[in-house]
Amino acid sequence: MTPTAPADQAVPAGSAGALSAKRPLGDRIFQIITLAAGLLVLVILVLIAVSTSQQASSWFSTEGISGIFSKTWNPQTNHFGALTFIYGTAIASLIAVVLAVPVSLGIALLLTQVVPQRWARPIVYVIDLLAVVPSVVWGLWGILVFAPWLQGIYTSIGNTLNGVPVLGSLFGPPVSGASFLTAGIILAFMITPIVTSLSREVIATVPSMDREGAYALGATRLEMIRGVVLPHSQGGIVGAVLLGLGRAVGETIAVALVIGSSATITSHLLAPGYTIPAVIANQFGEATGLFRSALMGLAVLLFIFTIIINVVARAIVERSARRGRGT
């Protein structure tokens, strides 16, 4: 007969204390290792932030808030304003998102809602392969092949829209194959596989019962997608878009090769520009003193921007998950 514990020593039902106390040694070691790995990532991020901030401290103290967000970037006179590069990063990333998101969402819906599984699988493989193409390959293709080809198209567009209100200021002459728009298109090529893969995984979680219920009520495929698939996947899709935006904001080599390297703020999308990662990559080798500190300060700003984007994306995904659980 099995002895029972006294009533005052009995463990309440559902108590986690007893389970944790009886876990094997291997489970406890595994928990410690995984916890240490997670904390190591945080420690590395903190060390990166601290070290770059220390090296950028002279720029922050010399320029101040007004100087940091000014348009003047002149190493000869030791004036290093970051506004031009922040603007270029924002414009190129915005163009990439505007071009990539509709295509990515369309491909994700095509693979999950329209194309049979046997035909969708090869397309998924191709998209995944595009995601691993090195950025330098995109950049070299862009500057050697894509930008010269776009030069003629840009010239035709500029001549056609010259003098047209609004459109003329965006796409009128003079034009350059290496420009904001070219960089945005290259970034769109690069983030489309990422947004597509994440959106496809989110859309695939829509319960089949919900889709079949919409069909049973007489909905067409388009109505089912609009009324069932998109509302259920909205948070995850937004998170995928923001993660793609984070990739676009931090891209370096490809953008440095195709954006034209001109530190200007202009509404003209066919003009050359500059981004934060591009200026760091192009000018860091020759920088010393305050110049080097300014480039490190740009790295700090870029680090902050990408962290904010990823935190916002994570919050949106978690909020969507809680809404799906009804909590």
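What is the relative accessible area of Glu201, and is Glu201 buried, partly exposed or exposed?

Modeller: This is a predicted model, in which local features need pLDDT of at least 70 and side-chain atom pairs count only at pLDDT 80 or more, while totals for chains, interfaces and linings use all residues. Residues are numbered from 1 along each chain as its sequence is written, and side-chain values use heavy atoms, with hydrogens and water left out.

Glu201 has a relative accessible area of 46% and is partly exposed, where buried means under 20%, exposed over 50% and partly exposed in between (1.4 Å probe, protein chains only). Its side chain meets that of Arg200 in a salt bridge, at 3.4 Å from N to O; the term requires a side-chain nitrogen of Lys or Arg within 4 Å of a carboxyl oxygen of Asp or Glu. Arg200 is buried, at 15%. The count by this rule comes to two salt bridges, and another pairing is that of Glu251 with Arg247, at 3.3 Å from N to O. There Glu251 is buried at 7% relative accessible area, whereas Arg247, at 27%, counts as partly exposed.

Turning to the helices (DSSP runs of H or I, at least four residues, numbered from the N terminus, with strands as runs of E, at least two), H12 spans residues 276-283, and six of its eight residues are buried. H4 (residues 83-114) packs against H12 at about 125 degrees, with the axes 7 Å apart; axes are lines fitted to C-alpha atoms over the stretch in contact, and angles run from 0 to 180 degrees between N-to-C directions. The two helices are therefore oblique to each other, since under 35 degrees counts as roughly parallel, over 145 as roughly antiparallel, 65 to 115 as roughly perpendicular and the rest as oblique. Phe85, Ile86 and Thr89 of H4 meet Ile276, Pro277 and Val279 of H12, contact meaning heavy atoms within 4.5 Å.

Phe85 also pairs with Trp73: their ring centres lie 4.9 Å apart and their planes at 90 degrees, so the pair is edge-to-face. Rings of Phe, Tyr and Trp (its six-membered ring) pair if their centres lie within 6.5 Å, with planes under 30 degrees apart counted as stacked, over 60 as edge-to-face and the rest as tilted. Both Trp73 and Phe85 are buried, and together with Phe80, Tyr274 and Phe291 they form one aromatic cluster.
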